[in-house]
Amino acid sequence: MKNVERRNVEGRGMPGMLLLAGMAGRSVRESHSESCRLTPVEVESRVFSRLRATIAWQTLRSMFSGARLRLALVVLLSIVFWVSLYGLFVEGFSFLESIHAEVISLLFNAFFSSLMVMLVFSTGILLYGTMYCSPEARMLLTLPARSEAIFSHKFQEAMWFSSWGFVLLGSPMLVAYGFVRGSPWTYYLLLLPFMVSFVVIPATLGGICCMAAVAWLGRLRLHVLTILSVGVCVGAVWLAWSLFQSGSVTGGSAEWFDQVMARLSVTEQRVLPSWWLSSGLIEAARATDRPEARLASLVEAVKFLAVLVSNGMLLQLLARLLARSSYRTGFSQLTGEMPARRQRRMAWTDRVLSAAGTARGRPLRLLLVKDLRLFRRDISQWSQFVIFFGLLGLYFFNLRSFNYNTAYASMISFLNLAVAGLILSTFTTRFVYPMISLEGRRFWILGLLPVHRDQIVWSKFLFSFFGGLLPCCGLLFLSDTMLGISRSLLWVHEIACVVLCMGLSGIAVGLGARMPDLRESSPAKISAGFGGTLCLVLSALFIMSVVIIAALPTHLAMAAKAFGGGGPPPTGFLGWASGPQGSATSLLLIVVLGFIAAFVPLELGLRSFRRLEP
Amino acid sequence: MIEFDHVTRTYGPKPAVTDLSLAIPRGELFALLGPNGAGKTTTIKMLVGLLRPSRGVVRICGHDLVKEARSAHLHTGYVPDEPTLYDKLTGREFLWFIADMFGMPRHLAEQKIDREIEHFELAEFADDLSESYSLGMKQRLVFAAALLHDPDVLVLDEPMVGLDPRSVRIVKDLLKSLTQLGMTVFMSTHTLAMAEEMADRVGIMVRGQLRFLGTIAELRAQVAMETSLENLYLELTTARSTP
């Protein structure tokens, strides 16, 4: 190395001479035949494995050196999450074991079959992005790499990204199940092979669907995907509707529970990998004192594992064959497609926003129109928005079927408020927080416009605030209507919802302006940094504070009523807090909290953004 | 070395390249010129196997880019207009990855990596993660990667974008030396002066068709005007491209 550097320094003044001297050792025809050859499959596979390992190692090193707080937070929160889930599942399985052990098989089947559908879609979508639209794929396709090797490389990456949630959610569930059943050690040993071999099947199916859609459906693939997605959504709605439509049966009763379980049995199909996994796990977990019975269960479990592994391998083989025959053709077709013609007509929202208001506020409105257009045209943003709030709407829509009593309904309504806030906070962190940073590369445009920098920050805040307001308030209205909540409590929820939208927008925009990363072009990477993590943590704390303060008077009143019997109403602090004064104070407190959460970060962000030198 | 045999490529109903026939022999530096949307990038993408011709055949060293893509790539080095690197790999690690993909033996790969690091003056930052590189540094690393396996054919898409004058000089000298050693260079460029200075032959594309093929001297002779190359170029690409 030192030698190389020294020679570089010597050669600085005359690069041409240095090069010609270097060329003396280079003979195109001779050295090419000596040094290059098509690599065998196993070598190619090793090269890609080494590439992934090096990237993973360097990413970990960067996190250790540059984002320790974030890493510690992620690890800590994951542990807390895992342990909480484990505790929850231990309780749940103990309860189910005591009433009806057969139910567990049904629950496993329902859980794993829904997971399977999600994995097919998520891996397919991820592979579409990484195999057909990424600069890395373009680079790899110009190297002498096999198409199937590139597929395998990208597949492993996509499978990891789409299934890590299963590991985080599934492992505490399965470990808890083993603990409750008193399973032998072999069960824990088989857990990971079972999980991995199961995940491979839907993930590979997703990959096959993706490659087939690109190669054979051409432009029709979008229509097919839309029809398929609508079909899956309709199926999910139908299943949810049939599960919870229990007529006169009281939600949570034994009869209702039996009905739900009977309907869930639709997922118990022997041809599905989810059934192989459930059956294999149940066999592996079977606890018995008789050694021959234990061995028989283990053998049965290993047979199910073998079915999973062999099917996974067969699908992998088919996927590689498909990649070999269609990947390059599909890539070429997709690259050669003409981009869809943009509508030249202005959307009505853009027209209204551009034309309304005073001339002084026009720059701010134009910035809003620009952000609105970017949001509409970025499928990754609005699709996630629609999916998450759509699922929440579906859940709220089904609340009517449960026939809750007043106290229970009130508690659920506040939990729904918290859930709506948490979903909104993931959007503000993932999409709103990086907005200022993403202006970095276009900063010269904004910098040269006759627009005050404050207006840029305010436009982001208004975009986020009004963008979140409509779905959140609408969904809470739906939730409260379905739960039969009183009108006064509905108003409390709506006010709390406005406060949440305001505070979460302020936190995301303020921190985004205070800690911008103007060099990064990926919003995912920006929100995954320290600022994004801080934004998420502060948002969660803010939501918890608002929901607890808003819920306190109502629940104190209910507690007083429940424990007071037919006696006189409570007096002192309890009486004050559970009365109208308490409600008014709690509302005032959450409004003040909302203003602090919105305007303190915004002020900090504005100050920092005014001084920013891109 | 490079052969386009009646190649046509369409995007939907719109032709991007029409009936292109072109042969570039060993040791020639060929520059493809043309206005925006002329079909240069489509031609380059077909040459490196990212796009398949709708009709016709593209060959590199006798290997059909569709039927024998891997063998053709073994003979090709490619420098795209926008360098693509792995952010979490150092420059040296990236060069090792490329060497492994081309099946180079370890000892030879080590020698060649050191050679390219020296030629492109990468030593100062070769062991830093490439996420910290400037555009020029990335472009130099991509050049090094493209030349690592001593390809017979080097394909360059706007090669000087992002390079500082010193690096431009390095690349120019390098290209001259490589063609002297027998490498074929196919370059797309907007820079007329560069084509004039470097190219053995130029091709001018307009609306997907090769309007001119020959040396700069032949180009001047064909138009037969006492004017600068820039005016000749504008004459060819503007007046004749008007439908």
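# Reading a two-chain predicted model

User: How do I read the confidence, and what does chain B average?

Analyst: Where pLDDT is low, the predicted coordinates should not be read in detail. The score is the predictor's confidence in each residue, from 0 to 100. Chain B averages 86, and 93% of its residues score at least 70. For the model, ipTM is 0.90 and pTM is 0.75.

User: Back to H1(B), then. How many of its residues are buried?

Analyst: Call a residue buried if 20 or more other C-beta atoms lie within 10 Å of its own, exposed if 12 or fewer, and partly exposed in between, with C-beta atoms placed from the backbone. In H1(B), residues 40-47, that's eight of the eight, so the helix is largely enclosed by the rest of the structure.

User: How do I read the strands? What is the order in the open sheet of four strands?

Analyst: Strands of a sheet pair through backbone hydrogen bonds, either parallel or antiparallel. Two strands count as paired if DSSP finds at least two bridges between them. The open sheet runs E2-E1-E4-E5 in chain B, with antiparallel pairing. E2 (14-24) and E5 (63-64) of chain B are the edge strands, each pairing on one side only. E4(B), residues 55-60, pairs with E5(B) over two bridges, and Ile60(B) stands opposite His63(B).

User: What about E6(B): which strand does it pair with, and in which sense?

Analyst: E6(B), residues 76-79, pairs with E7(B), residues 153-157, in the parallel sense over four bridges.

User: Which residues have the most contacts inside the largest nonpolar core?

Analyst: In soluble globular proteins, nonpolar side chains tend to be buried together. A nonpolar core here is a set of buried Ala, Val, Leu, Ile, Met, Phe, Trp, Tyr and Cys residues joined through C-beta atoms within 7 Å. The largest has 138 residues, and Ala144(B) and Val185(B) have the most contacts inside it. Its largest share, 15 residues, comes from helix H9 of chain A, residues 185-217. Contact means C-beta atoms, placed from the backbone, within 7 Å. Setting aside neighbours within four places in sequence, the contacts of Val185(B) include Leu29(B), Phe30(B), Leu154(B) and Leu175(B). There's also a second, separate core of 59 residues, with Val432(A), Leu538(A), Phe542(A) and Leu602(A) among them.

User: Now the interface. How many residues of each chain are in contact?

Analyst: 45 residues of chain A are in contact with 47 residues of chain B. Several helices of chain A supply at least two residues each, including H1 (2-11), H4 (41-66) and H13 (291-335). H4(A) gives the most, with seven residues. By class, chain A's side has 19 nonpolar, 17 polar and nine charged residues; Ala, Val, Leu, Ile, Met, Phe, Trp, Tyr, Cys and Pro count as nonpolar, Asp, Glu, Lys and Arg as charged, and the others, Gly among them, as polar.

User: Is Cys472(A) buried or exposed?

Analyst: Buried, with 23 other C-beta atoms within 10 Å. Cys472(A) lies in H20(A), residues 453-483. Leaving out neighbours within four places in sequence, Cys472(A) is in contact with Ala420(A), Leu424(A), Cys497(A) and Cys501(A).

User: Last one: what is the secondary structure of each chain?

Analyst: Chain A has 25 helices and zero strands, whereas chain B has nine helices and 10 strands. Buried residues make up 34% of the 614 in chain A and 49% of the 243 in chain B.

Definitions and conventions:
Residues are numbered from 1 along each chain as its sequence is written. Chains are lettered from A and ligands numbered from 1 in the order in which they are written. This is a predicted model: local features need pLDDT of at least 70, side-chain atom pairs count only at pLDDT 80 or more; totals for chains, interfaces and linings use all residues. Two residues are in contact if their C-beta atoms, placed from the backbone, lie within 7 Å.
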